[in-house]
Amino acid sequence: PLFRSAGVSGPKIVVVQDLDKPKVIGSVWGEVMANIHRSLGCVGTIVDGAVRDLDEMTNAGFKALARRLCVGHAHAWPVSWGEEVEVFRQKVKPGQLIHADKHGFLVIPDEDQRPLLDAATFMDGNECDTLISAVRGARSQEQALRLILD
């Protein structure tokens, strides 16, 4: 049951609510957990606790958003999984679409997922068919600006 998401298609983000916060003194998330979860199709974690081994996690192609960094392990275990959690004052349900980068994350409400996909597809096509193709042949910045503005 812990790794049931391994069979779900697409990239996955592991969202963990740390029940010890704000007294975070250790981390279960480091090089080993990153590599295990990466092999299961996960691309990162959002944990309102701590992480360690950032260079090793990055080298594994695994991203992390966390409350803080720490140097040590934690004696930790999951108390439940596959349930709604609250991290950084944001409620997250299993299977929800999440947009995350190094600055933070947001959960996309179910009713906004299809319109967001349509808008992203439109913008991607717009950029590929117009801006990118226009400037590829440019030999200077001035020519690129003329191509974009024409």
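Reply: T45 has a relative accessibility of 2%, so T45 counts as buried (buried is under 20% relative accessible area, exposed is over 50%, and partly exposed lies in between, using a 1.4 Å probe and protein chains only). Bear in mind that this is a predicted model, where local features need pLDDT of at least 70 and side-chain atom pairs count only at pLDDT 80 or more, while totals for chains, interfaces and linings use all residues. Residues are numbered from 1 along each chain as its sequence is written, and side-chain values use heavy atoms, with hydrogens and water left out.

T45 sits in strand β2 (strands are DSSP runs of E with at least two residues, helices are H or I runs of at least four, and both are numbered from the N terminus). Leaving aside residues up to four places away in sequence, T45 touches I13, V14, V16, W29, F62, K63, A64 and L65 (a contact is heavy atoms within 4.5 Å). Two of those neighbours, W29 and F62, come back below.

T45 is also one of the residues lining the second largest pocket. Here is how that is worked out: on a 1 Å grid over the protein atoms alone, a pocket is an open set of points with protein on both sides within 12 Å along at least five of seven lines, whereas a cavity is a set where a 1.4 Å probe fits but cannot get out; lining residues have an atom within 4 Å of a point. The second largest pocket has a volume of about 200 Å³, meaning the space filled by probe spheres set on the points, with grid points joined across faces, edges and corners. Besides T45, its lining includes I13, V43, G44, I46, K63, A64, L65, A100, D101 and K102. β2 (42-51), β3 and β6 (97-101) are the elements that give two or more residues to this lining, and β2 makes the largest contribution, with four residues. By type, the lining splits into six nonpolar, two polar and three charged residues (Ala, Val, Leu, Ile, Met, Phe, Trp, Tyr, Cys and Pro count as nonpolar, Asp, Glu, Lys and Arg as charged, and the others, Gly among them, as polar).

Now back to the rings. Aromatic pairs are rings of Phe, Tyr and Trp (its six-membered ring) with centres within 6.5 Å; planes under 30 degrees apart are stacked, over 60 edge-to-face, and the rest tilted. That gives two aromatic pairs. One is W29 with F62, stacked because the planes are at 15°, with the centres 5.7 Å apart. W29 lies in the loop between β1 (12-16) and α1 (31-39), and F62 in the loop between α2 (54-59) and β3, so this pair ties together parts 33 residues apart in sequence. W29 is buried at 3%, and F62 is buried at 2%.

The other pair, F88 and F105, is edge-to-face, 6.4 Å centre to centre with 65° between the planes. This pair also links distant parts of the chain, 17 residues apart: F88 is in the loop between β4 and β5 (90-92), F105 in strand β7 (residues 104-108). F88 is partly exposed at 33%. Its backbone deserves a glance, too: phi of F88 is near 50°, a positive value in a residue other than glycine. Most residues other than glycine have a negative phi.

D53 is in the loop between β2 and α2 and is partly exposed at 29%. D53 also forms a salt bridge with R52, the closest N and O atoms being 3.8 Å apart (a salt bridge is a side-chain nitrogen of Lys or Arg within 4 Å of a carboxyl oxygen of Asp or Glu). R52 itself is buried, at 9%.

The whole structure has two salt bridges. The other joins D118 and R114, at 3.5 Å between the closest N and O atoms. These two are four residues apart in helix α3 (residues 110-136), so about one helical turn separates them. D118 is partly exposed at 42%, while R114 is exposed at 54%.
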